[in-house]
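Keep the sequence and the model side by side as you read.

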Amino acid sequence: MLKPMLGAIVMVLLMGCSSKQDAVLNVYNWSDYIDPAVVTAFEAEYQVKVNYDTFASNEELLAKLEGGAQGYDVIFPSDYMVAIMVEEGMLETLNHDQIPNLSGLDPQFANPPYDPGSKHSVAFTYGTSGIGYNAEEITEEITSWDAFWNPEYAGRILLLDDVREVFGFAFKYLGYSVNDTVPAHLEEAKQLLMKQKEYLLKYESTMNKDLLLTREALISHYWAGDMYQIMDEDSSFAFTIPVEGAVLFTDCMAIPMNAPHKDMAYKFINYILKPEVAGKIVNEVWYAMPIPGALEYVDEEISSDPNIFPPDDILARCEFLTDLGDYNQTLDRAWTELKMK
Ligand code: SPD
């Protein structure tokens, strides 16, 4: 009599432990990239604790996972980084049956070149980088990347701390592709960026908001949505996508191969794709999401802004980054040299 009772008690205890374990989700995302109320609502709906950690570049995300970080359930790599991670076998092959809201994704984002058939990733947001600046202090209209070589702004210029974004805009400025792999062009871009360092405050991807709002920085290479978050707080600022063109990105949701809470990860991805949830996120982060049904929940001032939902003429001068394969090492060397000098 005692034995079966003990067995039942042990079983109940074990079930308690495993359900406690299941009630956790570890998310690794870019900073300022979700509405915190959405996370809270997800926690309440699924009785789960979401642990939220942030990174500042795709290369940081990759290094963290390659360094053996085990616990993440949902990560947010950009397009070219999805391709790298798939190549390295780091991402779960997605079971689309567990993401029914995928049906609401814009078909243009359902079969991207970096991940045909969305087998390992789901498009989350898209947008461009560009130039954010204090338009009260800088009275001329900024239209070109050449602003970063203007001695009048010396010591108050920020460039993203991001190898592909920095060489990407330098290549664009020189009239090349953001994915250029000609060594002579890389040397040309590096020399140009060396010259730019005379005017640079720092390479920075996380403190840009503070540095701009406190007026320590005047102008920043930055992503559109993040700049609009600043503009929402302080109307002195402006943002432009330069005439030469810029980097275009799709940031994605994916599940690492070794994720400990895959079922909950699927639920989270599916939840983010709900039109009303996506609409809330867009209103908070000022980035476009490729979910047509979300538009009815998005504020008109956001959905009609060409810097956030870029029309065809702007898209035509922008370009997605692609995986450069072995050439990444050459680019990394040039980046290290640039930052060290
Ligand atoms: N605050 C989130 C910014 C994310 C911007 N996307 C990164 C694109 C990298 N090429």
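Which residues in α5 meet which residues in α13? From α5 come Val163, Arg164, Val166 and Phe167, and from α13 come Asn328, Leu331, Asp332, Ala334, Trp335 and Leu338. Contact here means heavy atoms within 4.5 Å. By class, this contact holds seven nonpolar, one polar and two charged residues. Ala, Val, Leu, Ile, Met, Phe, Trp, Tyr, Cys and Pro count as nonpolar; Asp, Glu, Lys and Arg count as charged; the others, Gly among them, are polar.

Some ground rules come next. This is a predicted model, in which local features need pLDDT of at least 70 and side-chain atom pairs count only at pLDDT 80 or more, while totals for chains, interfaces and linings use all residues. Residues are numbered from 1 along each chain as its sequence is written, and side-chain values use heavy atoms, with hydrogens and water left out. Helices (H or I, at least four residues) and strands (E, at least two) are DSSP runs, numbered from the N terminus.

Two packed helices are described by the angle between their axes and the distance between the axes. For α5 and α13, the angle is about 90 degrees and the axes are 10 Å apart. The axes are lines fitted to C-alpha atoms, for helices over the stretch in contact, and angles run from 0 to 180 degrees between N-to-C directions. The two helices are therefore roughly perpendicular to each other. Angles of 65 to 115 degrees get that label; under 35 is roughly parallel, over 145 roughly antiparallel, and the rest oblique.

Helix α13 (residues 327-340) also packs with α6, where the axes come within 10 Å and cross at roughly 20 degrees. That makes α6 roughly parallel to α13. On the α6 side are Pro183, Leu186, Lys190, Leu193 and Met194. They meet Tyr327, Thr330, Leu331, Ala334, Glu337 and Leu338 of α13. This contact of α6 with α13 has eight nonpolar, one polar and two charged residues.

Now turn to helix α2 (residues 36-46) and helix α9 (residues 262-272). Their axes come within 11 Å and cross at roughly 130 degrees. That makes α2 oblique to α9. Val38, Ala41, Phe42, Glu45 and Tyr46 of α2 make the contact with Met264, Lys267, Phe268, Tyr271 and Ile272 of α9. Eight of these residues are nonpolar, none is polar and two are charged. α2 passes α9 in a right-handed crossing. Helix α9 is mostly covered, with eight of its eleven residues buried. Buried means under 20% relative accessible area, exposed over 50%, and partly exposed in between (1.4 Å probe, protein chains only). Among the buried residues of α9 are Met264, Phe268, Tyr271 and Ile272.

Next, the loops. Ser31 lies between β1 (24-30) and α2. It counts as partly exposed, at 28% relative accessibility. Leaving out residues up to four places away in sequence, Ser31 touches Thr54, Phe55 and Asp226. Its C-alpha atom is 7.8 Å from that of Thr206, 175 residues apart along the chain.

Asn179 sits in the loop between α5 (163-174) and α6 (183-196). It is buried, at 14% relative accessible area. Beyond its neighbours within four places in sequence, Asn179 contacts Arg164, Glu319, Phe320, Leu321, Thr322 and Leu324.

Most residues other than glycine have a negative phi. Gln47 has a positive phi of about 50 degrees. It lies in the loop between α2 and β2 (49-55) and is exposed, with a relative accessible area of 64%. Arg215 also has a positive phi, near 75 degrees. Its loop runs between α7 (208-213) and β7 (219-223), and at 29% relative accessibility Arg215 counts as partly exposed.

Finally, how many disulfides are there? The count is zero, where a disulfide is a pair of cysteine sulfur atoms within 2.5 Å. The sulfur of Cys252 is 17 Å from the closest cysteine sulfur, in Cys318, too far for a bond. Cys252 is buried at 0% relative accessibility, and Cys318 is buried at 8%.

Technical notes
A crossing is left-handed if the near helix is turned anticlockwise from the far one by less than a right angle, and right-handed if clockwise.
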